[in-house]
Amino acid sequence: MSLGSSLPSGMQDLLGPQTDQDIPAIPISSSWASKYRGATVEDLDPPPALSSKPTDPISTALLNAYERDYTHLTVVSEDTRALLGYLNIPRLKQLLKNGSVRDNDSVDKAMQKFRRKGSVYKVITMDTPLEELEEFFNGGVNGSEPRDFAVVTDGARRFVLGVATKSDLEEFVKRRPA
């Protein structure tokens with residue numbers, strides 16, 4: 001006997017379904033919804049950004065990245081602290097290996113500059129849903145190429161707060177209970 005059958009007429013409707021067969025299946029809108037369940041970039045707990053200046057020696061930037069186990073470093077202007085580009089550490093190791101740069105060269109010789117003209121920027125903040133971050137990594141924001149990392153800023157893009165990587169996102173999914 002269900003709970004609803006002992007209630008006065010009309011009250012049954014207020015309670016809703018009483019058995020498993022009566023409960024409608026709620027479709028999940030995407031695999032992302034079940035994977036992230038409302039989590040944001042803040043839930044990844046990205047480490048604070050570590051920035052280099054264009055004039056810093058590559059050896060210093062590399063040492064800083066190794067000490068913190070970072071795969072990407074941002075490069076900021078010495079004067080304005082404006083974001084100029086980034087160092088992809090695996091790429092930098094390859095450049096050093098093949099002799100394209102030397103460890104005493106300045107960071108600006110190895111950094112990858114952000115394209116400013118004709119590019120659509122996706123602002124990634126601590127409040128950005130992880131679904132949007134995954135879409136960004138897959139190149140879905142403006143149909144551009146896939147990316148390995150995202151620079152996390154404040155909403156006004158004045159401060160670099162951290163760097164989130166694709167592997168951070170993958171690790172989050174692995175460690176999150178189902």
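This is a predicted model: local features need pLDDT of at least 70, side-chain atom pairs count only at pLDDT 80 or more; totals for chains, interfaces and linings use all residues.
Helix α5 spans residues 89-97, and three of its residues, Ile-89, Leu-92 and Leu-95, are buried. These residues cover an arc of only 110° around the axis and therefore lie on the same side of α5. In an α-helix there are 3.6 residues a turn, so residues three or four places apart point the same way. The elements against which the buried residues of α5 pack are the helix α4 (58-68) and the strands β2 (72-76) and β3 (83-88).

Two packed helices are described by the angle between their axes and the distance between the axes. For α4 and α5, the angle is about 135° and the axes are 11 Å apart. Angles over 145 degrees would count as roughly antiparallel and those from 65 to 115 as roughly perpendicular; α4 and α5 are therefore oblique to each other. The crossing of α4 past α5 is left-handed. On the α4 side, the contact is made by Ile-58, Leu-62, Ala-65 and Tyr-66, which meet Ile-89, Leu-92, Lys-93 and Leu-96 of α5. By class, the residues of this contact comprise 7 nonpolar, no polar and 1 charged. Two of the α5 residues in the contact, Ile-89 and Leu-92, are also among the buried residues of that helix.

Strand β1 (51-52) contains Ser-52. The relative accessible area of Ser-52 is 2%, and because buried means under 20%, this residue counts as buried. Apart from neighbours within four places in sequence, the contacts of Ser-52 are with Ala-61, Leu-73, Thr-74, Val-75, Val-76 and Val-107.

Positive phi values were found at several positions. Most residues other than glycine have a negative phi. Arg-37, which is not a glycine, has a positive phi near 45°. Arg-37 belongs to the loop between α2 (31-36) and α3 (41-44), and with a relative accessibility of 39% it counts as partly exposed. Asp-45, also a residue other than glycine, has a positive phi near 55°. Asp-45 is located in the loop that runs between α3 and β1. Its relative accessibility is 62%, so Asp-45 counts as exposed.

Notes. Residues are numbered from 1 along each chain as its sequence is written. Side-chain values use heavy atoms; hydrogens and water are left out. Buried means under 20% relative accessible area, exposed over 50%, partly exposed in between (1.4 Å probe, protein chains only). Helices (H or I, at least four residues) and strands (E, at least two) are DSSP runs, numbered from the N terminus. The arc is that of the directions from the helix axis to the C-beta atoms. Contact means heavy atoms within 4.5 Å. Axes are lines fitted to C-alpha atoms, for helices over the stretch in contact, and angles run from 0 to 180 degrees between N-to-C directions. Angles under 35 degrees count as roughly parallel, over 145 as roughly antiparallel, 65 to 115 as roughly perpendicular and the rest as oblique. A crossing is left-handed if the near helix is turned anticlockwise from the far one by less than a right angle, and right-handed if clockwise. Ala, Val, Leu, Ile, Met, Phe, Trp, Tyr, Cys and Pro count as nonpolar, Asp, Glu, Lys and Arg as charged, and the others, Gly among them, as polar.
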